[in-house]
Amino acid sequence: MRVPASLRLVSTCALLAAACGGDDDAPDTPDAAPTGVTLEHCEFVPVEPNANATGTVTAGALEAGAGEAVLDVPIGAALGGYTSRANAAGGAGQIDDRDPRISDGFNPSVGIESAPRAKAIALSAGGETVVIVKIDAIFTYEGLVYELEQRLGAAYRGKILVTSSHSHSAWMQYSDHDVLKGGGGNFRRRVFDGLVDGMEAAARDALEALQPARLGFHVDTAFDPDDQINRDRRGENDDLPGGDRDDNRLVMMRVETTAGAPIAMMLVYGAHGTLMDDVNPVASNDAAGGIERVLEEQFDDPVVVMQVQSAGGDTSPVGHGGLDCDVRPGDEDDPCLPFATIEGHGRVALSTLLAAWDAAGAALDDTLELEMVTRSVELGPWHDTFTIRDGALAYAPWDLDRPADGVVFGDDGLLQSPVDEFNAPVGAVLCETDTPTFPVGAMPGTEGIIAYGGCTRIDVASEVLGALLKLETEVDATHPACQTTRTSLAALRVGDYVLGTIPGELTVMIADQVRDQSPVDDAHTIVIGYAQGHVGYVLTPEDWSRGGYEPSITFWGPLEGEYLVERLAELMPLVTTPAREDGAAGGTDRIAAPTDPDDFPVDDPAPQAGVVPAAIDPDLWVRGGTPAQAQPDATIPRVAGIATFVFHGDDPAVSVPVVTLQRETAPGSGSYADVVRRSGRPVRDADLLIEYTPLPLRREDTPPFHAYAVEWQAVPWVGAPGLDALGDRGGVPLGRYRFHVAGDGWTLDSDPFEVVAGGLELSASRTGTALTATPSWHAPRGWRLMDLGTPSNRPVPVRSQDVTVELLDGGGGVLDTRTVATTAGGQISFDDADVAAATTVRVTDRFGNVATDAL
């Protein structure tokens, strides 16, 4: 069951927990009569001045480096982005009745498809060093940014740009934002630390790798005209100028050594991370990951590729490939997870993005000016903060005793000021339709008015949903969620280009406004969303007033988005002046980071970690069904074969075991080495599925066994040298393989298994002396992408390849042998007298897989 759109991230509002703490550091706040709102419950701390904020900006020789790290987060943490994953909101993606010891009111994650990562690019020139970090996460929590600054040291204050992929299948529970907890659960220190550890590791690797470099940009303003990569997802604004489109702008930043060796690729465009939807219970970096993995494997070394979000707020990704869940064999509990669409998304985008990479190499600079500034800005709760357009558009003072006048637009079609319809002293959410989700929280006099009439004041939503979703909330009618009162902005100059950040789900019309107000021209302004913090969706006032899903995840109404644009427009010019500037000056303080430790039980050491169980517990969950034994089958046929290994490991709250695929280095040698991709990266996720089950499912008096399963489908891995095309799916190298597991102070190897030829099926028919046949690869229980058109769990025709065809008589004798090329549809056909005498046809594909069919 899925929760309606209006309740999906409504959780956003539900979570108004306050984790904001002492009164001693609270700033002076104005009287707020008649609302009585105060910020005395919030703990604010000063923002330190930006580093390197004196002197003159000078061009200097560029150095660059890049790094990446897997985010060490426990399986069992909730995934972010869908309130419908909460037990009380539909329980989407629930696999079984396992203990939600980390995830609380949300369903715990149960495994990893593609491990969420942190990636970093460091740039240094003219005495300035900056780090761009991208994390696979639903949004950027500004607490992560400031913690990373502290870890890297004072030289990096205001010099770190953090943005997120917006994957709706990545880890949540790293944020103490009291409203946004509704998208994935309460704050967990273990998750927060896991993200920062990964960010720090990637950043330090990038800084340590700094070397003489050159850099180039390419801007494509007519990106993906046929909507093969991304598409418009918001129809409510189609009548507004500039509203009827997706994010059709691509920016490619190419970074390489001065000798021409690639270092990193940063591609900037918008696309939601929603290919997997809310029913997915395993961690995945979703659409961005599909793009990055395919691009990474176009290089012979580990080039760091990061897809950075721009106007993804009203833009969706386009998936390609997938599964036919109606023909899925096995039990009805199989979730039929369409991981194949992620790889398909990357493969379809590949040629466009490689062309942009090439174009960015046309003009490369090895000497440039570099400067970055960061600023904390005030948001709510004071109504006059949000006055925009030089005073032409403002809110009326909050007053819950005053009904709205109901006049949103004047006779001229323009928004009327002051806006008295938005009347929420501590903010409002769920502003989607003209009818409130919770009438007791409605703003007075707004019923029947699109967007405003659907709003529920955050204090009411918090009270209702906090209890429902088991969220730690303290917000009330006079105490706003502290994290909704501040956010952060950044501007970065790289040569002739200026990057500006928006802390939320940037929409195309807001991106247009940023470029319009930029101190440099449109072509040299790069707008990055989901960066430095998060305020929900960021829309223009006119767009917000159209209603729909996006305004439902905003906190301070229709003027908040454009208010942020104006604050960014004040910040961006600082990086274009000859003087180095302190962006923090002129800003405000920030919310203190949480310090509370976790209180869930942890098993360290875990019982039988590193041991293979003698029998399989019936409660063990494996995507492909409960295996008969813990060790892989001795032989695994290509394509359809799935090798599965079960073992007991560490408590994931301590360490998630790292599993790699290994292959025997020489037949019969007994020596194994990691299987590596073209880029040199080991095969450890995306091709391998990792699943976890606590046994028993519910914690009892003694610690449970922490059972893991790994699955591998016997097809070539992404980046398999010489075998990376979809037409090579039947050609995974034969030989002996095993799984290697590295735990917390222990290692384990599975029994070897032999990959053998197989996976080919044949459908043949004859009419007289004419033969027609279709050889197909078939993986009915597989999950890997086999084809961009045919569902990957149906027979996939062997397209446009030479195959060997043999006609056999009733005794098995060969009447005729020939090599025939299959058509683009996978068919072979010919006319020969031996066809009439044949009883069987046998086809061998170019990899040696054999199939027969009776005539």
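A: Both Cys431 and Cys455 are buried, where buried means under 20% relative accessible area, exposed means over 50% and partly exposed lies in between (1.4 Å probe, protein chains only). This is a predicted model, in which local features need pLDDT of at least 70 and side-chain atom pairs count only at pLDDT 80 or more, while totals for chains, interfaces and linings use all residues. Residues are numbered from 1 along each chain as its sequence is written, and side-chain values use heavy atoms, with hydrogens and water left out.

Cys431 and Cys455 are joined by a disulfide, with an S to S distance of 1.9 Å. A disulfide here is a pair of cysteine sulfur atoms within 2.5 Å. The torsion about the S-S bond of Cys431 and Cys455 is about 120°, so this disulfide is right-handed. Cys431 and Cys455 each lie in the loop between strand 17 (428-429) and strand 18 (456-457), so the pair ties together parts that are 24 residues apart in sequence. Helices (H or I, at least four residues) and strands (E, at least two) are DSSP runs, numbered from the N terminus.

A search of the whole structure finds three disulfides. Another one links Cys42 and Cys482, whose sulfur atoms are 2.1 Å apart. Its S-S torsion is about -90°, so the disulfide of Cys42 and Cys482 is left-handed. Cys42 is in the loop between helix 2 (11-14) and strand 1 (44-45), and Cys482 is in the loop between helix 7 (458-468) and strand 19 (486-494), so the pair ties together parts that are 440 residues apart in sequence. Cys42 is buried, with a relative accessible area of 0%, and Cys482 is buried at 0% relative accessibility.

The remaining pair to describe is Cys325 and Cys336, with sulfur atoms 2.0 Å apart. The link of Cys325 and Cys336 is left-handed, with -95° about the S-S bond. Both cysteines lie in the loop between strand 14 (315-317) and helix 6 (340-360), so the pair ties together parts that are eleven residues apart in sequence. Cys325 counts as partly exposed at 43% relative accessibility, whereas Cys336 counts as buried at 9%.

Thr487 is buried, with a relative accessible area of 1%. Leaving aside neighbours within four places in sequence, Thr487 is in contact (heavy atoms within 4.5 Å) with residues including Glu142, Arg375, Pro503, His534 and Leu564.
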